[in-house]
Amino acid sequence: MGIKTVAVYSTADRDSLHVTFADEAVCIGPPNSRDSYLNIPNIIAAAEITGVDAIHPGYGFLAENAEFARICSDQGIKFIGPSPEAMEAMGDKATAKATMRKAGVPVVPGSEGILKSLDSAKKIAAKIGYPVLLKATAGGGGKGMRMVYKEEEIESQWESAAQEAGAAFGNPDMYMEKFIEEPRHIEIQVIGDQYGNVSHLSERDCSIQRRHQKLVEESPSPVVSKKLRQKMGDAAVKAAKFVNYEGAGTIEFLLDKNGRFYFMEMNTRIQVEHPVTEEIFNYDLIKEQIIAAMGVKVSGKHYMPDNRHAMEVRINAEDPYNNFRPSPGKITNFHKPGGKGVRVDSHAYAGYVIPPNYDSMIGKLIVSAFTREECIAKMRRALDEFIIEGVKTTIPFHKKLMQDPTFVSGNFSTNFLETFDLGKG
Ligand code: MV4
């Protein structure tokens, strides 16, 4: 796009490729992310010194922080993403759910907003039926979430969940939902502009997760029909339009065994797994984020092609044979797979030292092909050619998964990895 770039980095990331490749780079503090990547004054100072027009927040740290977006705007810097108001509307999960119900988007039966008393919690649970889930309104991603199987457990589960949520988010408020058994995680990619137009780019299936960490994502979902795709796409567009959503975002749904879907939460950022959608639609989501931020219209319908399939696996520096324990350190050998329909997004290289301070994801391997079957075959080949030495990675896990008959069948739920046996290394 001809746009010059400024990278920011902590002292732990001096040797990361984004620093090498940006036109300019500014150090914003020490390894502890509180003092660097979450340090708003330092980031704004770096932006002012270098005279930037806009900030792309990426997909971690301050990407969903409304306060940061507001400060950017106050300083005359365009935050590449939604308005602070849209972020706030979706940031509090009970509020987001109430807003979506108002918008006419299907939501899981449960409490209307925050739980107020033990008595009313018991009444709601009796009405919707056990088991129920207690969820932290400030949560998301599973933290501060508890199952309740019978009335006697409500009080203690509420207490322990509220305790956890208070400590993690500074907000102990809880809401209640009926527990959806063996669901699939289906999310719809949306993109909006500054004029109220929103379009969607179909679904990603992210049902392969371990402890709320996604490991594999694919599109199209093996269980979403054309008709269901249209219904979920329409619901996602309705959801985003209702909050005047600008930029790239994702509406997460739970899909139950009967084909009913329910709004779960909205991610008001670009996501790790966005390349899956890019490969299916031949559409650069990051470029479109920037174009939307420039005030250009991004309208238009996107139809899922019926002869494309894309799949992403996350390459983490973790030992899958040791409870996925982080494995930071020096990469002594690094060889990426290539060829048609094979994409690797990574900041790592031979000689790079993975710092112990941050997320353990060191790369994403994305393959695309005509069918899911061909996609899996290509993924097996690409995983065989992906050589990373010096640290443990999730590559052996993915190799095993790509041979698993249940995974290959496409017929599984978010519970799948709970019983998946990796065997011995
Ligand atoms: C649920 C659910 C079943 N029923 N809500 C997990 C994290 C957070 N985003 C919400 N989560 C769930 N909410 C109801 N009413 C099951 C989960 C869930 C889950 C969802 C998607 C992907 C993986 C999951 C793993 C465990 C639990």
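Thr268 lies in the loop between strand S12 (261-267) and helix H9. Helices (H or I, at least four residues) and strands (E, at least two) are DSSP runs, numbered from the N terminus. The model is a predicted one, in which local features need pLDDT of at least 70 and side-chain atom pairs count only at pLDDT 80 or more, while totals for chains, interfaces and linings use all residues. Residues are numbered from 1 along each chain as its sequence is written, and side-chain values use heavy atoms, with hydrogens and water left out.

Thr268 is buried, with a relative accessible area of 4%. Buried means under 20% relative accessible area, exposed over 50% and partly exposed in between (1.4 Å probe, protein chains only). Apart from neighbours within four places in sequence, Thr268 is in contact with Ala63, Glu64, Pro82, Ala86, Met87, Met90, Tyr245 and Ala248. Contact here means heavy atoms within 4.5 Å.

**Helix pairs**

Helix H5 (residues 93-103) packs on helix H8 (residues 226-242) at an angle of about 115 degrees, and their axes are 10 Å apart. That makes H5 roughly perpendicular to H8. The axes are lines fitted to C-alpha atoms, for helices over the stretch in contact, and angles run from 0 to 180 degrees between N-to-C directions. Angles under 35 degrees count as roughly parallel, over 145 as roughly antiparallel, 65 to 115 as roughly perpendicular and the rest as oblique. The crossing of H5 and H8 is right-handed; a crossing has that hand if the near helix is turned clockwise from the far one by less than a right angle, and is left-handed if anticlockwise. On the H5 side the contact is made by Thr99, Met100, Lys102 and Ala103, and on the H8 side by Lys238, Ala239 and Phe242. By class, the contact of H5 with H8 has four nonpolar, one polar and two charged residues. In this scheme Ala, Val, Leu, Ile, Met, Phe, Trp, Tyr, Cys and Pro count as nonpolar, Asp, Glu, Lys and Arg as charged, and the others, Gly among them, as polar.

Helix H6 (residues 118-128) and helix H7 (residues 154-169) pack at about 115 degrees, with axes 11 Å apart. H6 and H7 are therefore roughly perpendicular to each other, and their crossing is right-handed. Leu118, Ala121, Lys122 and Ala125 of H6 meet Ile154, Glu155 and Trp158 of H7. This contact of H6 with H7 has five nonpolar, no polar and two charged residues.

**Lys97 in H5**

Lys97 is placed in helix H5 and, at 5% relative accessibility, counts as buried. Its side chain makes a polar contact with the side chain of Glu177 (3.2 Å). A polar contact is a pair of N or O atoms within 3.5 Å; within protein, one must be able to donate a hydrogen and the other to accept it, and residues adjacent in sequence count only if both atoms are side-chain atoms. Not counting residues up to four places away in sequence, Lys97 touches Val107, Val108, Pro109, Gly110, Tyr175, Met176, Glu177 and Phe263.

**Helix H10**

Helix H10 (residues 285-293) is mostly covered, as seven of its nine residues are buried. The buried residues are Leu285, Glu288, Gln289, Ile290, Ile291, Ala292 and Ala293. They pack against strand S4 (78-79), strand S8 (184-192), strand S9 (198-210), strand S11 (247-255) and helix H9 (274-281). At the start of H10, a side-chain oxygen of Asp284 reaches to within 3.1 Å of the backbone nitrogen of Ile286. H10 is followed by Gly295, whose phi is positive, near 95 degrees.

**Backbone exceptions**

Most residues other than glycine have a negative phi, and most peptide bonds are trans. The table lists residues and bonds that depart from this.

| Site | Feature | Value |
|---|---|---|
| Tyr130 to Pro131 | cis peptide bond | omega about -5 degrees |
| Ser219 to Pro220 | cis peptide bond | omega near -5 degrees |
| Phe61 | positive phi | about 45 degrees |
| Phe324 | positive phi | near 55 degrees |

Pro131 is found in the loop between H6 and strand S5 (132-136), and Pro220 in the loop between strand S10 (213-219) and H8. Phe61 is in the loop between strand S3 (54-55) and helix H3 (66-74) and is partly exposed, with a relative accessible area of 45%. Phe324 lies in the loop between strand S14 (318-319) and strand S15 (325-326); Phe324 is buried, at 11% relative accessible area.
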